[in-house]
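Subject: Structure handover

Hello,

My notes follow below it.

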Amino acid sequence: MGRFICALVVGLTFALSAAPGHGAARPVSNLNETGSLLAYPLIDNIHFTTIINIANTGAGPAVLECYMVTQGIDGTIDEKKDFVIELTGKEKFVWMSSQPYNQRGNQIQGFAGRKGYMFCYAIDNVYDQLEIGYDFLKGDATLLNPHMGVAFNYNAIPHQTGEVLGDRILRLDGNEYTMATSQIMFEGLAEVPCCIGGILAVASPGINFIDSMQPEFDINLFCWNEVETQFSRHVPFKDFAQYDLTRDLQLDIQSLFTLGWHCATTSTNPLWAVFHQSLGGIYGWGGNVFQDPRTNVPAVITLPPVPVAQ
């Protein structure tokens, strides 16, 4: 009997620790699972048109609050706007973000001529807008240039939840929400003038909407070419950035000496990122970068308080 009870206790402990949505969140986001918070590292309605997809895989209704942080053609962050999306059970939400959306009670302005990043998270209702655990959200974004016939797609980065406090402070600390990684890895082709180009788009989840503070740090990259020669790169980061292969990263054929290369970052801050390339302005490809699950870093998103009802 004693052995049976001991085995039962061990089995229950394992089952509870493995069950999603109970206790502390796992330290690092699982990219192959749904989540309560979705991050879109690149929304570009200047060089592309960005189509956003969000799916509520749960059987019940869901309410999402989204923040769009964008800059204009001049390259400065000057808009932080939020909106609410109400979804029915199993609903797929599709929005061409350059155009206004006005369907089924959801009203969202268009973001034509702007680029940046977006994140959405589940809330209790449209009035209190307090974060809740609802790990049934998944999404992706498609960026297309209809004039050049270039397009690529990436998956939204999901963050799963543990014990959600509901105080309009999103803690990506491994307890409330899973953390993001500080080390990303990506590979591609060296930039060749007039032929091959590329962009690494990066956002970081640390942001304080009350004190108007966003992270400012260096992103350190270690890159290797096809014969394993190492090249180091150090680029400054603030708010949101799109790094050009030649101008910013020096990943061009003259600098690397081979066509193929791969890079890894050693930043001290969490990163949301996607990478895309184009060939002669005719073909385009890209998507999510690899995120090392061993280098998770906590971050906090402090949201503005909702006005008290009179």
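Is C195 buried, exposed or partly exposed? C195 is partly exposed, because its relative accessible area is 39% (buried is under 20%, exposed over 50%, partly exposed in between, with a 1.4 Å probe and protein chains only).

This is a predicted model, so local features need pLDDT of at least 70 and side-chain atom pairs count only at pLDDT 80 or more, while totals for chains, interfaces and linings use all residues. Residues are numbered from 1 along each chain as its sequence is written, and side-chain values use heavy atoms, with hydrogens and water left out.

Disulfides

The search of the whole structure gives two disulfides (pairs of cysteine sulfur atoms within 2.5 Å). Counting bonded cysteines along the chain, the pattern is 1-2, 3-4.

C66 pairs with C120, with the sulfur atoms 2.1 Å apart. This link is right-handed, at 110° about the S-S bond. C66 sits in strand β3 and C120 in strand β8 (residues 115-123), 54 residues apart, so distant parts of the chain are linked (strands are DSSP runs of E, at least two residues, numbered from the N terminus). C66 is buried at 0% relative accessibility. C120 is buried too, with a relative accessible area of 0%.

C223 pairs with C263, S to S 2.0 Å. The link of C223 and C263 is right-handed, with 110° about the S-S bond. C223 is in strand β17 (residues 216-225) and C263 in strand β20 (residues 260-265), so the bond ties together parts 40 residues apart in sequence. C223 is buried at 1%. C263 is buried at 1%.

C194 is in no disulfide. The sulfur of C195 is 6.3 Å from that of C194, its closest cysteine sulfur, which is too far for a bond. C194 counts as exposed, at 81% relative accessibility.

Other sites

Q71 is in strand β3 (residues 62-71). At 6% relative accessibility, Q71 is buried. Its contacts (heavy atoms within 4.5 Å) include I46, D78, R114 and F240, not counting residues up to four places away in sequence.

L279, I282, Y283 and W285 make a nonpolar surface patch with about 410 Å² of accessible area together. Patch members have over 30% relative accessible area and no salt bridge; nonpolar side chains (Val, Leu, Ile, Met, Phe, Trp, Tyr) are joined within 5 Å, like charges within 9 Å. Areas are Shrake-Rupley, 1.4 Å probe, and for residues only the protein chains shown count as cover. A salt bridge is a side-chain nitrogen of Lys or Arg within 4 Å of a carboxyl oxygen of Asp or Glu. L279 lies in strand β21 (residues 272-279) and is partly exposed, at 36%.

Regards

How values were computed:
Helix = DSSP H or I, 4+ residues; strand = E, 2+ residues; numbered from the N terminus.
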